Amino acid sequence: MSGGDTRAAIARPGMAVAHGPVAPSSPGQVTLLPVQRSFFLPHFSRATPSISLAESALKVWHEAYNSGLLPQLMAQHSLAMAQNGAVPSEATKRDQNLKRGNWGNQIEFVLTSVGYAVGLGNVWRFPYLCYRNGGGAFMFPYFIMLIFCGIPLFFMELSFGQFASQGCLGVWRISPMFKGVGYGMMVVSTYIGIYYNVVICIAFYYFFSSMTHVLPWAYCNNPWNTRDCAGVLDASNLTNGSRPATLPSNLSHLLNHSLQRTSPSEEYWRLYVLKLSDDIGNFGEVRLPLLGCLGVSWVVVFLCLIRGVKSSGKVVYFTATFPYVVLTILFVRGVTLEGAFTGIMYYLTPQWDKILEAKVWGDAASQIFYSLGCAWGGLITMASYNKFHNNCYRDSVIISITNCATSVYAGFVIFSILGFMASHLGVDVSRVADHGPGLAFVAYPEALTLLPISPLWSLLFFFMLILLGLGTQFCLLETLVTAIVDEVGNEWILRKKTYVTLGVAVAGFLLGIPLTSQAGIYWLLLMDNYAASFSLVVISCIMCVAIMYIYGHRNYFQDIQMMLGFPPPLFFQICWRFVSPAIIFFILVFTVIQYQPITYNHYQYPGWAVAIGFLMALSSVLCIPLYAMFRLCRTDGDTLLQRLKNATKPSRDWGPALLEHRTGRYAPTIIPSPDDGFEVQPLHPDKAQIPIVGSNGSSRLQDSRI
């Protein structure tokens, strides 16, 4: 090794002599404090071709050890590290974790997390839940659940991933027997990632279909329309696309007397886009236009994640912010329409009597839990790419409040347009309100046909849906890729991470093909209702118990204090130990009590399909006991109790990923090897003795290759 290479190795943090008396102030520059100069400079000045700089550095270690000045050198080194940006106030932009990488800056993490949490459910589920559960009265239990359950769980997952710098599998070094929780998160993310991209592909299809002078779902004169079709636009306006001043009397009669009527947007969705079959078991043909759009969706996701968080972190500057631009444009347009105020009042008017119903509180808790993306593994994964001292407490509050505020804001956008549509048709708002795919692909597109230049508004709306979906899909795919790469952990797979991403994307595309068939919407809703329902609640509850009661709340609070510089506030300590687990258990009980067999419009799912849904839900939960039994069988111990204790205690490599952060009880007493997952940089191939400082402050010599 040349002298220049040796200097670079000595100056780099996270190496085998990470506690040595040098620290970098900038690339290629070494800062020496007074005590350090007295040892380093004489030896460095005597370095010759026969006495290398590395050998001179070793002599410094021995002299410091023999003279009793090693603790002073260590203190000077800590000060040098502080001056050179290795503490929470670090000013440099270098990556701390050279193996895994970090976010380019903290804005990228916040925007990615906002894009992950703010998804399609904020637009097509929350407004419907709000008006169904008492309008403005629903806001009270909603924000109560946000404060006592949503933000604490969000903070727990962010701090968990950031402290260990590992994905949803690697973090369970904290208690290896519970690693099945991480596998359960992977299974849930797999299910959601498969069907979520199918929803995005349908949004792509509608987006492309909107690139026309007249929207194809505006009128009933298309080949796929039936005799029951009754459009809200007069056929005479086909050429100019404007809405009529008055509603045709026969159509008004049909609407007001609740006779059979299907809108052109509903028939376009059911008979043209989906070509819906009559049963979930009747797959029919694969809809080639949807299959093509599914391919486009996966290609976009792969290209945005081709370099991991380095590339996706740049994309989210657009995907996480532009939906708010579109929401604002649609809101301004919506509130200027006739009847918009009626729709907004229908959305906000409180019905205080409903606040005493358990169902309202259950819906509020469930919406908070599912909307924030807890127990999916995505929050842990995204936080694992943070700098170690990042203030994830601040981030969790900002992201959680932004998510909930977006839901409320989206309600104004949705109900202003639906109020206009209800006023135009002369019916109550409840007659046109819907949720899920029915809102996104039937009710809202139909309302847009009433606006002048309707294709423009349609393009904006579906482009917004695409961006909302992609923000969540990025994190779902990165969760799976990061878990695989961290689990294998060798240099080869780190270099081939792009190919892992490609493999996961191709597998997701192939598994999504059945959802583009004529029975695809049945399977999509089945996965949405069962794959990510009560299983998430069980996973989150076990995670809280494992961290707070198996690992120990005092240990975890000390970890957070070491990472952030302050312990978690008392409110969060109480919530993590008592309140949040109780609310999670309440959600689980509520989900079981309120369970109803799944339906789609008037179609009742057969028993075998419901059984498949329960198997999907159980597949993620069963990972936990199955892996626990596997771990117990592989753990040393003479008795079952001894094995149980050994399987639940933290593994020796649990803690901060980088040596410079492993202080206190995590301070290494031996030089770690590269297999331990730490940053270790070789200095010299020969074997030498170096002094090692133990966690108790004692020093000793240790044989090691440095």
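This is a friendly dialogue on how to read a few features of the predicted model above.

Colleague: What should I keep in mind before I start?

Modeller: This is a predicted model, where local features need pLDDT of at least 70, side-chain atom pairs count only at pLDDT 80 or more, and totals for chains, interfaces and linings use all residues. Residues are numbered from 1 along each chain as its sequence is written, and side-chain values use heavy atoms, with hydrogens and water left out.

Colleague: Let's begin with helices. How many residues does helix α9 have, and how far does it reach?

Modeller: Helices here are DSSP runs (H or I, at least four residues), numbered from the N terminus. The expected span of a helix is 1.5 Å times one less than its number of residues. Helix α9 (residues 179–209) has 31 residues, and from first C-alpha to last it reaches 46 Å, close to the expected 45 Å.

Colleague: Is α9 mostly covered or uncovered?

Modeller: Buried means under 20% relative accessible area, exposed means over 50%, and partly exposed lies in between (1.4 Å probe, protein chains only). In α9, 27 of the 31 residues are buried. Serine 189 sits in this helix and counts as buried, at 1% relative accessibility.

Colleague: What does serine 189 touch?

Modeller: Contact means heavy atoms within 4.5 Å. Not counting residues up to four places away in sequence, serine 189 touches Trp376, Leu476, Thr479 and Leu480. Leucine 480 is 291 residues from serine 189 along the chain, yet their C-alpha atoms are separated by 7.4 Å.

Colleague: Now charges. How many salt bridges are there?

Modeller: Side chains of opposite charge can pair when their charged atoms come close. The rule for a salt bridge is a side-chain nitrogen of Lys or Arg within 4 Å of a carboxyl oxygen of Asp or Glu. By this rule, the count is nine. One of them joins arginine 132 to aspartate 363, with the closest N and O atoms 2.9 Å apart. Arginine 132 lies in helix α7 (residues 126–132) and aspartate 363 in helix α16 (residues 358–371), so this pair ties together parts that are 231 residues apart in sequence.

Colleague: Are the two partners buried or partly exposed?

Modeller: Arginine 132 is partly exposed at 32% relative accessibility, whereas aspartate 363 is buried at 7%.

Colleague: Which other residue pairs with aspartate 363?

Modeller: Lysine 359 does, in a salt bridge of 3.1 Å, N to O. An α-helix has 3.6 residues a turn, so residues three or four places apart point the same way. Here, aspartate 363 and lysine 359 both lie in helix α16, four residues apart, about one turn of the helix. Lysine 359 is partly exposed, at 31% relative accessibility. Together, Arg132, Lys359 and Asp363 are linked in a network of salt bridges.

Colleague: Which residue does lysine 179 pair with?

Modeller: Glutamate 487 forms a salt bridge with lysine 179, the closest N and O atoms being 2.6 Å apart. Glutamate 487 is in helix α20 (residues 454–488) and lysine 179 in helix α9, so the pair ties together parts 308 residues apart in sequence. Glutamate 487 is partly exposed at 35% relative accessible area, while lysine 179 is buried at 14%.

Colleague: Which residues does the "binding site" annotation cover?

Modeller: UniProt positions are given in the numbering used here, feature names are shortened, and annotations may be inferred rather than shown by experiment. In the unreviewed UniProt entry, "binding site" covers Gly115, Ala117, Val118, Asn122, Ser371, Asn403 and Leu468. They are spread over 354 residues of sequence but cluster in space, with a largest C-alpha distance of 12.5 Å.

Colleague: Where do alanine 117 and asparagine 122 sit?

Modeller: Alanine 117 is in helix α5 (residues 106–117) and is buried, at 3%. Asparagine 122 is in helix α6 (residues 120–124) and is buried as well, at 2%. Leaving aside neighbours within four places in sequence, alanine 117 is in contact with Asn122, Ser371, Leu372 and Asn403. On the same terms, the contacts of asparagine 122 include Ala117, Pro127 and Ser407.

Key: Helix = DSSP H or I, 4+ residues; strand = E, 2+ residues; numbered from the N terminus.
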